[in-house]
Protein chains: 2
Amino acid sequence: MSDVANPSSSSTSLHATTTLGIVGGGTVGGGIVSILTSNAPLFTTMTGKDLLITRLAVRDTSKSRDFITPEGCKVTDDFNDVINDPSVDTIVEVMGGTTLAKDCVFRALKNGKNVVTANKALIAAYLPEIESLVKSVNEDRNEGTKPVEFRYEAAVCGGIPIISSMQGDYVGDEVEMISGIINGCTNYMLTSMDRDGLSYDESLQGASDLGYAEADPTLDVGGFDARSKLKILMRLAFGVDVPEDEISCKGITDLTKEDFEYASMLGGTIKLLGVAKKLSSTEVAAFVSPAYVANDDVLASISGATNAVEVLSSNLQATTYSGQGAGRYPTANSCVNDIIKVCRGDVNPLPFNSKQEGVEFVNDFKSKFYIRLRYRDQNGITADCGRLCEEHEIGIYSILQNPIKNRNDAAFVITTDSVNLSKVKKFVAEVEGKSWCRGEAFFMPLLRDEAM
Amino acid sequence: MSDVANPSSSSTSLHATTTLGIVGGGTVGGGIVSILTSNAPLFTTMTGKDLLITRLAVRDTSKSRDFITPEGCKVTDDFNDVINDPSVDTIVEVMGGTTLAKDCVFRALKNGKNVVTANKALIAAYLPEIESLVKSVNEDRNEGTKPVEFRYEAAVCGGIPIISSMQGDYVGDEVEMISGIINGCTNYMLTSMDRDGLSYDESLQGASDLGYAEADPTLDVGGFDARSKLKILMRLAFGVDVPEDEISCKGITDLTKEDFEYASMLGGTIKLLGVAKKLSSTEVAAFVSPAYVANDDVLASISGATNAVEVLSSNLQATTYSGQGAGRYPTANSCVNDIIKVCRGDVNPLPFNSKQEGVEFVNDFKSKFYIRLRYRDQNGITADCGRLCEEHEIGIYSILQNPIKNRNDAAFVITTDSVNLSKVKKFVAEVEGKSWCRGEAFFMPLLRDEAM
């Protein structure tokens, strides 16, 4: 196998060569090595070049690996050996994190290397800086020199080609809205809570057992992983660079079985969505939140750990991409697609559609809402709610109330007409002060009718 | 607007130029002109070149058009004026058909022009010939000359980037199966038959009124349009070139309201699918047919005129692309994406993943089946069916029978275990010979369990 991976090391190949250095020897790195080695002749046909993996940086060189290091590939525990090797054309950064990885990627680019990465955290934190760096590196290069390329398909939704699609399929189009199921762990959990009636804890255990949860599951269930991805997609779709912590983020921790019962009564289910929408030619809003999704919506049918992104645009209208959001081979496959494009010399697409320049983020949005209130039964609750809704200019669309099991801890749900999130928050804050109200109210947007 | 489209005609641009000749001034051609003219500065930024539309060929130059001809663009009724103009770099063929369009595309390529086309019929009929022509034209070109590019994103599923995805996202992967809702007219009809309980005739009328039907709706309802697209997708996924009429093709004309009732009893609905599956390293099977799809399958949620293609592959597992299959702007948008890639100099991807070379088409496939039999009530029907199933080695999975309304014309449904289509056909032929059997039996695959 290693002969195939590094053909020139054992044969007299007539092809030009391109040399890769991989930084990170874990799950994704191993997947990339496997795909590249087992397809070497095909890739030579595709690119006109032999692809040689000549450098691999890993944390611990003594650790045994579940893949075969290509023949002739030098293994090191210092990524500087890789990015400073003048014979290496392209660096593949798959170690993760934002400290060492940042150093590695920035210095590799400055050294004139192409970079392919799968690092979501790095891209979420530094994409605009990386874009500027690539631009300045290329401006400083001699006329006629091939520009440095930077690609990161695997950083968002692993196996779904959403980055290249956002970069290449909307060049003359205008993105209006993005709605995505962009965290596999929580979608697995919500699916098992809805279909199998599992509790929150049972479903989280199931997701952990299957390896869907991050090392710190708060990143998943709190919506933060989804928010990182949404931030990147917003950069591509709208050109905005929004600090992550400005995007309204609500995880799935407060969802109950009751919410699924009510969603079912409404004819739908609940999904954790990242949504960004252009409100005007200058404003874009966004949120990560559980949301009610009607059963006939394509996002309702995305089950288990699958990811999906729906893009609404002026020319293409609704387009949805669904697939594996994570995992060794889906992620490695996306890195390999990037590597081949870099080797073929495809031109680095614009970072984003500059038609959207000048768009700014606003921290509020309009939607129909689902509001669940817990209460101890007493007189005047409906009157209180009605009066508060009127005061806050919230139109009540429906009130849902299952048969009460416990008069001291019951719940009912209000669904609203389209209203700003900020108004819902104020309404909820006041309701929570009422003597009959127990604990905190839970609210989420109802898609799609007039969402935002 | 025309000043923007052809900037150099009225200003002293410092950019290089690239010149386009468009052949076809209808719906799609007009959409392309609109998108190109309204985004001219953006495209110059993206490609480093001013894009000039200098030639437009239309059938009737005197006809008024719903778009503005760019300033400086010469309009002709002879496409030869376009493809023989030495100053034109790229030809955009959007006239449709396979006679004049074939001439136009082949001669343009021979003249060393890049070609972008939206012509499904042409690609279905001549893709391998075009691939060979592009190859030989490029081999004959001088060393260092930019190769001729040929792109056809809009030819299959209008606005869905399925062609570039098949060419770029599976380079190190192996496609195992493709299942698609690839005809918008019939999907619109099936959706309205299922959800709104419309009859076949009512739903066809609705589709025609909305412009979803081809001039000859037989191409839609007979499954032939879907088959053309499936043939193209099979070329991309498996490298095979199957004569269209060898692919088993059943349209939606024999579906009845009863079938939707039975599908609903089974927990699903009916979709017209094009399916191709690799059976072994050397064999691929395919069909176009209505098929039962379970409600929790993402394809069941694709409603109206929307298209969707699901690709199963070794690395990416299941990936689904859904969006607009037709229409002015979705189709024109795909052509524009191709034009920009050609102008940027992206390298023409391989026609297909050559890992799949040596794969051959086999004209049979295995699936669970749904078989509906009409009958006049008499003794011995169940016994007859049971005996015939046994003889033909067909395992009965379930028998569905709604309350009989008319003893002289009733129907029941058998669902089978996984079995070859050829066996089902023989079984059906024998059943139809029984005295109790009325008319022809209807059968279709049940997806997904063990389909094929």
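Author: Two strands count as paired if DSSP finds at least two bridges between them. Helices (H or I, at least four residues) and strands (E, at least two) are DSSP runs, numbered from the N terminus. This is a predicted model, in which local features need pLDDT of at least 70, side-chain atom pairs count only at pLDDT 80 or more, and totals for chains, interfaces and linings use all residues. Residues are numbered from 1 along each chain as its sequence is written, chains are lettered from A and ligands numbered from 1 in the order in which they are written, and side-chain values use heavy atoms, with hydrogens and water left out.

Reader: What is the strand order of the open sheet in chain A?

Author: Strands of a sheet pair through backbone hydrogen bonds, either parallel or antiparallel. In chain A, six strands form an open sheet in the order β3-β2-β1-β4-β5-β6, and the pairing is parallel. The edges are β3 (74-76) and β6 (150-151) of chain A; each has a single partner strand, so one side of each lacks a neighbour in the sheet.

Reader: How many bridges join β4 and β5 of chain A?

Author: Four bridges link β4 (residues 90-93) and β5 (residues 114-117) of chain A in the parallel sense. Within this pair, Glu93(A) is opposite Thr117(A) of β5(A).

Reader: Which strands does α6(B) touch in the sheet of chain B?

Author: The sheet first. Chain B has an open sheet of six strands in the order β3-β2-β1-β4-β5-β6, with parallel pairing. Its strands β1 (residues 16-23) and β4 (residues 90-93) of chain B run parallel and are joined by four bridges, with Gly21(B) opposite Ile91(B) in β4(B). Helix α6(B) packs on this sheet and touches β1, β4, β5 (114-117) and β6 of chain B. Contact means heavy atoms within 4.5 Å. The direction of α6(B) makes about 165 degrees with that of β4(B); axes are lines fitted to C-alpha atoms, for helices over the stretch in contact, and angles run from 0 to 180 degrees between N-to-C directions.

Reader: At what angle do α6 and α7 of chain B pack?

Author: Two packed helices are described by the angle between their axes and the distance between the axes. For α6 (residues 100-110) and α7 (residues 120-140) of chain B, the angle is about 15 degrees and the axes are 10 Å apart. The residues in contact include Val105(B), Phe106(B) and Leu109(B) of α6(B), and Tyr126(B), Ile130(B) and Leu133(B) of α7(B).

Reader: What is the crossing angle of α14 and α15 in chain A?

Author: The axes of α14 (residues 381-391) and α15 (residues 421-432) of chain A cross at roughly 150 degrees and come within 10 Å. From α14(A), Cys385(A), Leu388(A), Cys389(A) and Glu391(A) make the contact, meeting Phe427(A), Glu430(A) and Val431(A) of α15(A).

Reader: Which residues of α9 in chain A are buried?

Author: Buried means under 20% relative accessible area, exposed over 50%, partly exposed in between (1.4 Å probe, protein chains only). In α9 (residues 200-209) of chain A, the buried residues are Tyr200(A), Ser203(A), Leu204(A), Gly206(A) and Ala207(A). They span an arc of only 160 degrees around the axis, which puts them on the same side of α9(A); the arc is that of the directions from the helix axis to the C-beta atoms. Asp201(A) and Asp209(A), on the other side of α9(A), are exposed. The buried residues of α9(A) pack against α8 (184-195) and α10 (218-221) of chain A.

Reader: How many residues of α4 in chain B are buried?

Author: Six of the eight residues of α4 (residues 40-47) of chain B are buried, among them Leu42(B), Phe43(B) and Met46(B). Just after α4(B), Gly48(B) has a positive phi of about 75 degrees.
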